[in-house]
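Dear colleague,

I am passing this structure on to you, and below it you will find my notes on what turned up when I went through it. Please read them with the structure open beside you.

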Amino acid sequence: TRSLIITSGDQSMFEKAQGEKVTLPCTFELSEEDEGPLDIEWVLIPADNQKKEQIIIMYAVDRIYNHYYAAMTGRMQFTNLDPRSGDGSLDILNLKAADTGTYQCKVKKAPGVQSKKIQLTVLVKPARTKCSIEGSQEIGKDVTLKCASQEGSPLLSYDWRRVSGTQELPATSMLNKNTGELLLKNASREYSGTYSCVASNRVGTDECSVELNVTPPVNTAGIIAGAIIGTLLGLSVLCFLVFCCCKKHREKKYEKEVHHDIREDVPPPKSRSSTARSYIGSNRSSLGSMSPSNMEGYTKTPYSQVPSEDFERTPAQNPTFAPSKVAAPNLSRMGAVPVMIPAQSKDGSIV
């Protein structure tokens, strides 16, 4: 007695690139003995055996259920909208790297039960490949050309080729296909040109290029000497500017001090009016200390002339005056100090 069988081919492994579409086959044939309801399930078997299987999509009781696996919602469907025709294949759209795993198709129609496992590997194409140069691009030096893709599933392979000139790599070059490094030993001017690197894996390729320019050695001693001389000149100019600024600051400070300097040791000059006033004031103070009974001999003396600066002359320059014949009153009893006051005669001379 013949029962339900799966008629899909023997292919059980699929490799696809990210973003592509894959169809996982699952065709079957029913026997006359299979009279129960038809159930078709697709499940994802995790790599970790401790985790449970995850139902992706299911057909049961003439209906399709595709809401079990949120990571593939909107990206999966049965290849045939009516799986009862014997085709329970699964289409997965816009593949992602996370879709990699083992998928199992289970077909049930009592009493027949059959299943098939398929391994799906989603690979990422090489992308954002960058080329660079490491080392000095001088004649006689070793130069390394580097190539690396920032995206791409392993195993990545790198291959260098020369675009310009002879389009052949130099004889001294050493290529590492796994790391993408191309070593050019003892570089010469003939090595100059454009080099291209191609990164590839099982699902795609990516490319980048770099320009190599081998030049004669640079005069390092001259550059160092020039740098030293330039530094010394710069320091000299800086010191000169600092000196000028300090000098200017000192000059401004000196002018300010001289402008505001006040000499307190030199008294101001005396004016004639102040000398006369001080002389008259001293006489008045002396007269004020006398009593009325002794003022008769002093009131007769006229003060029609104000003493001038002649009184301040030295004894050798002042004229000799005869002492007054008027007897000084006895002022000791009154507590007053006698004062000698010059008098004027009838002819106007001072006696």
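Are Cys147 and Cys197 buried or exposed? Both of these cysteines are buried, and a disulfide joins Cys147 to Cys197, with a sulfur-to-sulfur distance of 2.1 Å. Please keep in mind throughout that this is a predicted model. The torsion about the S-S bond of Cys147 and Cys197 is -85°, which goes with a left-handed link.

A search of the whole structure finds 3 disulfides, and another of them is formed by Cys26 and Cys105, whose sulfur atoms are 1.9 Å apart. This pair links distant parts of the chain, since Cys26 sits in the loop between strand 3 (22-24) and strand 4 (28-29), while Cys105 belongs to strand 10 (residues 101-109), 79 residues apart. The link of Cys26 and Cys105 is left-handed, with -70° about the S-S bond. Cys26 counts as buried because its relative accessibility is 1%, and Cys105 likewise counts as buried, at 1%.

Cys131 and Cys208 also form a disulfide, with their sulfur atoms 1.8 Å apart. Here again distant parts of the chain are linked, with Cys131 in strand 12 (residues 127-134) and Cys208 in strand 18 (residues 204-212), 77 residues apart. The torsion about the S-S bond of Cys131 and Cys208 is about 75°, so this disulfide is right-handed. Cys131 has a relative accessible area of 19% and is therefore buried, and Cys208, at 10% relative accessibility, counts as buried as well.

If the bonded cysteines of the protein chain are numbered in sequence order, the pairing reads 1-2, 3-6, 4-5. Cys245 is in no disulfide, and the nearest cysteine sulfur, that of Cys246, is 6.9 Å away. Cys246 is in no disulfide either, its nearest cysteine sulfur being that of Cys245. Cys245 is exposed, with a relative accessible area of 53%, whereas Cys246 is partly exposed, at 37%.

Notes
Residues are numbered from 1 along each chain as its sequence is written. This is a predicted model: local features need pLDDT of at least 70, side-chain atom pairs count only at pLDDT 80 or more; totals for chains, interfaces and linings use all residues. Side-chain values use heavy atoms; hydrogens and water are left out. A disulfide is a pair of cysteine sulfur atoms within 2.5 Å. Helices (H or I, at least four residues) and strands (E, at least two) are DSSP runs, numbered from the N terminus. Buried means under 20% relative accessible area, exposed over 50%, partly exposed in between (1.4 Å probe, protein chains only).
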